[in-house]
Amino acid sequence: MMMTITKRSGKPSNIRKWLFGAAVGLWGIIVGSHVFAEPSALKPPEILSYSDLNASAGDVFEHGTNEISYAGIQGDQVVVHSIGAYGQIKKEISFPKHELEYIAEFHHTQDQGYIAGGGSQILKVGEKGQKEWAYTLEKADSYIVSVDQLKNGKYAAAVDTPGSTSNSHTLHWIVFSEAGKALHEGDLVDVAFERIHSVQHTSDGGFLISGSEYRDGEKGHVVLAKFAPSGQVKWKQSIAVADDSQNVEVLSLAEGHDGSIVAAGYYNHPNPNDPIRYLTTGFVLSVDRSGTLQWTTILDSAFDRSMVNDIQPASDGGFIATGKVNEDWHGTVSRQGVWGIAPDGDTTWTKVINRASYNAGELVQPLQNGQTLLIGTADGAYKLIKLGAAALQN
């Protein structure tokens with residue numbers, strides 16, 4: 001089967017693409033023209049193991065170094081588990097949740113402790129789970145979307161606050177000291193958000209916040225805003241995913257080995273075969289360190305009703321992504337997709353996993369040996385999948 005890729009590039013002389021699909025060859029549509037692309041030189045990785053994962057709805061996953069962690073609230077406790085490179089699962093720690101109502105974001109910290117945030121609360125605990133500091137948001141009708149630790153040990157949080165127009169939202173950011181004191185904060189001006197996704201530290205010491213822009217009656221845009229460690233806005237970008245994109249959602253954000261940023265998710269758009277039912281299509285886009293768009297790729301319509309849930313840098317310098325494809329109109333059938341992507345955005349392999357009626361890829365963790373840990377769901381139950389390394393074709 002061949003696939004069609006639509007892509008858009010900010011560099012006319014260096015067009016790159018990302019892919020979706022379940023085939024070894026691909027069709028490209030590059031800046032409005034059709035070309036054949038070379039078949040992949042790699043075979044998709046084999047599944048090495050497949051097992052149940054004792055995670056619950058509401059648990060939050062964290063990418064680690066050669067491992068995955070996940071945290072959730074059980075009764076009055078926050079319980080943290082870790083998944084090692086060999087797929088071994090162990091309870092890491094539990095500690096009182098204090099005022100946390102739910103967890104929207106969770107991370108290990110540089111001092112071997114933990115930070116969690118969600119709703120109106122941020123909680124920082126030490127290595128043994130003892131409370132070190134907490135922060136309570138006092139802005140009305142606002143909530144903490146995401147929190148992360150910066151390279152200098154300080155913390156940054158993204159807060160969703162009501163916008164100036166109905167259904168719009170404003171990004172309020174806060175930079176905290178290591179001891180939890182709010183040092184700098186402000187609003188991102190001139191951007192009305194549909195949804196604020198996350199804050200993520202970057203290798204240059206600053207942080208990036210992502211989301212989707214609210215434009216009533218217009219096509220949807222991805223918003224990326226880059227901040228210095230102090231919280232000063234360095235640049236912001238509003239990027240249209242496609243000419244007919246609507247209701248754009250950013251679901252994953254990652255930094256490449258070269259400092260570029262990739263954002264992934266999905267968008268809705270009109271269905272040429274059905275004026276009532278809109279289609280949903282996954283996308284990935286890349287910007288360089290300055291925020292300049294490098295490439296945008298959307299999934300071929302043959303795999304529509306799809307989304308990219310997670311994308312991460314791989315050990316070979318490229319990326320690995322996961323999500324779902326071919327969801328039916330009732331939301332009861334779909335397939336799990338996994339994709340390997342070269343550093344220049346070209347597809348190196350594709351794999352589709354179909355173990356139940358409704359499959360989806362939730363999180364992907366590349367390992368240092370070229371293998372991959374994959375969190376997926378099968379008919380609502382979490383599954384842990386270990387993938388081998390992609391192999392050269394014979």
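Predicted model: local features only at pLDDT ≥ 70, side-chain atom pairs only at ≥ 80, totals over all residues.
How many bridges join strand β31 to strand β32?

**Entry 1**

I counted along the pair and found seven bridges between β31 (residues 372–378) and β32 (residues 381–387), two strands that run antiparallel. One pairing I looked up by residue: Leu374 has Ile385 of β32 standing opposite.

Next I asked which strands make up the sheet around this pair. I found an open sheet of four strands, in the order β5-β32-β31-β30, with antiparallel pairing. At its edges I have β5 (47–52) and β30 (359–366); each has a single partner strand, so one side of each is left without a neighbour in the sheet. I also noted the twist, which averages 20° from one strand to the next. A reminder to myself: strands of a sheet pair through backbone hydrogen bonds, either parallel or antiparallel.

**Entry 1: rings**

I then turned to the aromatics. My search of the whole structure gave nine aromatic pairs. One cluster went into the notebook by name: Trp133, Tyr135, Tyr155 and Phe176.

What sits over the ring of Tyr50? I found the charged end of Arg355 there, 4.2 Å from the ring centre.

Is Asn167 buried or exposed? I have Asn167 down as exposed, because its relative accessibility is 55% and the cut-off for exposed is over 50%.

Ser168 lies in the loop too, between β15 (155–162) and β16 (169–176). I list Ser168 as buried, because its relative accessible area is 5% and buried means under 20%. Which residues does Ser168 touch, leaving aside its neighbours within four places in sequence? I found contacts with Pro162, Gly163, Ala192, Phe193 and Tyr214.

**Entry 2: Asn326**

My last stop was Asn326, in the loop between β27 (319–325) and β28 (335–341). Asn326 is not a glycine, yet I read a positive phi of about 55°.

Note on methods
Residues numbered from 1 in each chain as written. Heavy atoms only, no water. Buried < 20%, exposed > 50% of the residue type's maximum accessible area, 1.4 Å probe, protein only. Contact = heavy atoms within 4.5 Å. Pairing = 2+ DSSP bridges. Axes fitted to C-alpha atoms, helices over the stretch in contact; angles between N-to-C directions. Phe/Tyr/Trp six-rings, centres within 6.5 Å; stacked < 30°, edge-to-face > 60°. Lys NZ or Arg CZ within 6 Å of the ring centre and 35° of its normal.
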